[in-house]
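Hi everyone, thanks for making the time. Have a look at the structure I'm putting up now, and I'll walk you through a few spots in it.

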Amino acid sequence: MSQNDHGYYIKDSIIGGQAAGKGFFSNRDLTSGEPIVTIQRPLMASLESERLKDTCANCYIWTEGSSIGSRLYVKKGITVQMCAGCKRFRYCSKACQKEAWNRGHKHECKNLKPVADRELPKAVLGCMEILVRRKHGLIDDQMWQLLRHLDSHIDDFKANGNFGGIELMARGTSQFSATQDTFNEDFVAQMYARILSNSMTLVTPSFEPLGILIDALLCHLNHSCNPNTYIVMDGPQTQLRALRDIKKDEELFISYIDPTMPLTRRQSELQQRWFFECKCSKCQLGLSSQEDEWAIKPDTLTTHYRKLADEEIKRNQDDYTGAPTDEQRAAALQAKVFHLYEEVQQQPDPAEAIRTIEVAIAFCTKSNLWLAHRQPLPALRDDLIVNMLAVGNYEGAWFECAKRHRHVILKLYPEIHHPIRVVQTWQMAMLAQYLASAGTEVALGADMALIAAMLINTINVTSKMSHGSESAFAKSVQQKFSEVESELLGKFGSKDAMNAAIQRQVKLLSEMGK
Ligand SMILES: C[S@@+](CC[C@H](N)C(=O)[O-])C[C@H]1O[C@@H](n2cnc3c(N)ncnc32)[C@H](O)[C@@H]1O
């Protein structure tokens with residue numbers, strides 16, 4: 001058992017009666033929102049191909065892609081310049097370029113030059129970085145041993161038929177990194193497989209995905225669909241924080257996946273990517289957790305939807321056995337909606353995406369089966385908001401935000417500082433502010449500036465818990481709060497008058513989300 005004074009220790013873990021390798025445990029009582037581990041920079045982080053074009057490869061500032069002013073933690077006018085050597089990585093400043101150069105880029109830049117116009121997957125680039133840095137003495141023995149002890153799941157990759165692809169990628173990785181003299185092909189294939197099965201998603205402070213990261217310490221965190229901690233990022237700084245109060249010696253869990261998905265989706269994603277059957281406290285509830293709750297009993301489906309479900313079952317016969325049951329019908333309708341949801345993820349045109357989302361949402365509501373918090377309905381609504389903002393339908397996006405605020409957020413993210421709850425509420429606040437500045441009359445009697453102020457006031461408290469008061473995100477919220485407060489105080493004359501006016505908007509906000 002390795003002990004330390006950071007709030008955690010690592011030891012063997014048993015989850016739902018099955019061995020789960022090593023895991024993190026708390027070495028004292030922890031309070032909700034408390035930081036547990038802070039890593040200044042993970043061992044390796046690698047950007048998606050698309051993000052290489054607009055994101056600093058050192059501090060991971062994403063310069064583009066803002067959803068209506070909610071990314072105020074990004075300095076205005078910031079741009080990235082391409083490395084003149086490799087023509088692949090971009091940096092937001094000379095200082096960032098220098099830091100990356102000294103961290104190891106100087107040993108790979110010239111090798112990447114001949115393949116400048118070739119797209120290389122993030123895992124290949126990440127694996128190259130690790131091999132090059134170790135070859136040149138830039139990863140110490142202790143970190144290297146931790147990394148080497150991570151499970152590569154090679155046998156699982158062999159069993160699922162993906163090992164051939166791994167060998168191919170590993171060959172390219174060896175060649176492009178010019179490390180064949182130091183590591184043999186088997187070793188590189190194992191390292192590549194370790195990256196695939198142990199990496200986490202690199203995200204912005206507002207949870208937009210940027211790429212992957214590997215950290216040999218954080219990789220020891222096991223998964224639960226009912227996690228008691230979460231990871232938040234602030235550029236390269238990666239922090240593990242408590243989602244709830246945690247007792248000494250409890251295991252610390254993060255969620256590797258979206259834990260709001262129904263049981264079968266969660267299980268199959270965990271099995272496919274991490275090769276285990278989840279027996280966490282939520283999975284042990286089977287179909288009786290809120291993620292698998294339907295609005296009506298499947299045996300009360302209308303004839304129309306029963307017929308549609310039977311057609312789906314017939315079309316996908318291999319997935320079902322015996323005569324259709326009511327539960328199978330509900331599962332078939334769910335599979336159909338997930339299919340539409342997956343179509344939306346591949347759709348680059350926002351107007352087309354909106355059309356598909358509206359079909360899927362109408363299917364959920366007209367079948368009467370879906371509760372507002374049952375997936376993929378909330379995920380479809382999130383995508384609807386993003387795509388409506390992309391086409392400039394700010395009012396439409398507002399009403400979807402109001403519905404999410406009223407029906408979904410409290411249910412899926414009950415903790416006041418749940419980072420997704422904080423970020424979604426912040427997006428909504430910034431949208432309200434935009435509508436106020438545009439003078440849009442959203443609803444009779446609605447004062448969008450006051451609604452924005454009310455939401456910003458809440459987030460000003462909760463973002464300090466979710467992200468930490470020193471984070472760029474919480475600081476940008478604090479700054480916005482001060483601006484809004486002084487503006488409104490000027491208008492209302494006193495805090496009491498301002499708060500009374502805000503209170504009158506609370507009911508209206510709820511009504512807008514009906
Ligand atoms: C990132 S590693 C976590 C650390 C791992 N336990 C170890 O000892 O290296 C991911 C692997 O841990 C195991 N694991 C994580 N969460 C689990 C869970 N809830 N139940 C069973 N195994 C789990 C699986 O083998 C998974 O592929």
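Tyr 60 sits in the loop between helix H1 (49-52) and strand S5 (81-82). When I say helix or strand, I mean DSSP runs, numbered from the N terminus: H or I with at least four residues for helices, E with at least two for strands. Now, this is a predicted model, so local features need pLDDT of at least 70, side-chain atom pairs count only at pLDDT 80 or more, and totals for chains, interfaces and linings use all residues. Residues are numbered from 1 along each chain as its sequence is written.

Back to Tyr 60: its phi is near 60°, a positive value in a residue other than glycine. Is Tyr 60 buried or exposed? Tyr 60 is buried, because 25 other C-beta atoms lie within 10 Å. The cut-offs, with C-beta atoms placed from the backbone, are 20 or more other C-beta atoms within 10 Å of a residue's own for buried, 12 or fewer for exposed, and partly exposed in between.

Asp 249 also has a positive phi, about 75°, although it is not a glycine. You'll find Asp 249 in the loop between strand S11 (237-242) and strand S12 (251-254). Asp 249 counts as exposed, since it has 12 other C-beta atoms within 10 Å.

One more backbone thing: Gln 375 and Pro 376 are joined by a cis peptide bond, with omega at about 5°. Pro 376 is in the loop between H13 and helix H14 (377-390).

OK, helix pairs. Two packed helices are described by the angle between their axes and the distance between the axes. Axes here are lines fitted to C-alpha atoms, for helices over the stretch in contact, and the angles between N-to-C directions run from 0 to 180 degrees.

Take helix H12 (residues 326-346) and helix H13 (residues 350-366): their axes come within 9 Å and cross at roughly 165°. So H12 and H13 are roughly antiparallel to each other. The labels go like this: under 35 degrees is roughly parallel, over 145 roughly antiparallel, 65 to 115 roughly perpendicular, and the rest oblique. Among the residues making the contact are Leu 340 and Tyr 341 of H12 and Ala 360 and Phe 363 of H13. Contact means that the C-beta atoms of two residues, placed from the backbone, lie within 7 Å. The H12 and H13 contact residues divide into 10 nonpolar, 1 polar and 1 charged.

Next pair: helix H4 (residues 122-135) and helix H7 (residues 163-177) pack at about 50°, with their axes 9 Å apart. That makes H4 oblique to H7. Their contact includes Met 128 and Leu 131 of H4 and Met 169 and Phe 176 of H7. That contact has 7 nonpolar residues, 3 polar and no charged.

Last stop, the ligand. Which residues come nearest? Of the 20 residues around the ligand, those are Ala 20, Gly 21, Lys 22, Asn 222 and Trp 274. A residue is near if its C-beta atom, placed from the backbone, lies within 6 Å. Strand S2 (18-26) is one of the elements giving two or more residues to that shell, and S2 gives the most, with 5 residues. The shell divides into 9 nonpolar, 9 polar and 2 charged.

Conventions. Ala, Val, Leu, Ile, Met, Phe, Trp, Tyr, Cys and Pro count as nonpolar, Asp, Glu, Lys and Arg as charged, and the others, Gly among them, as polar.
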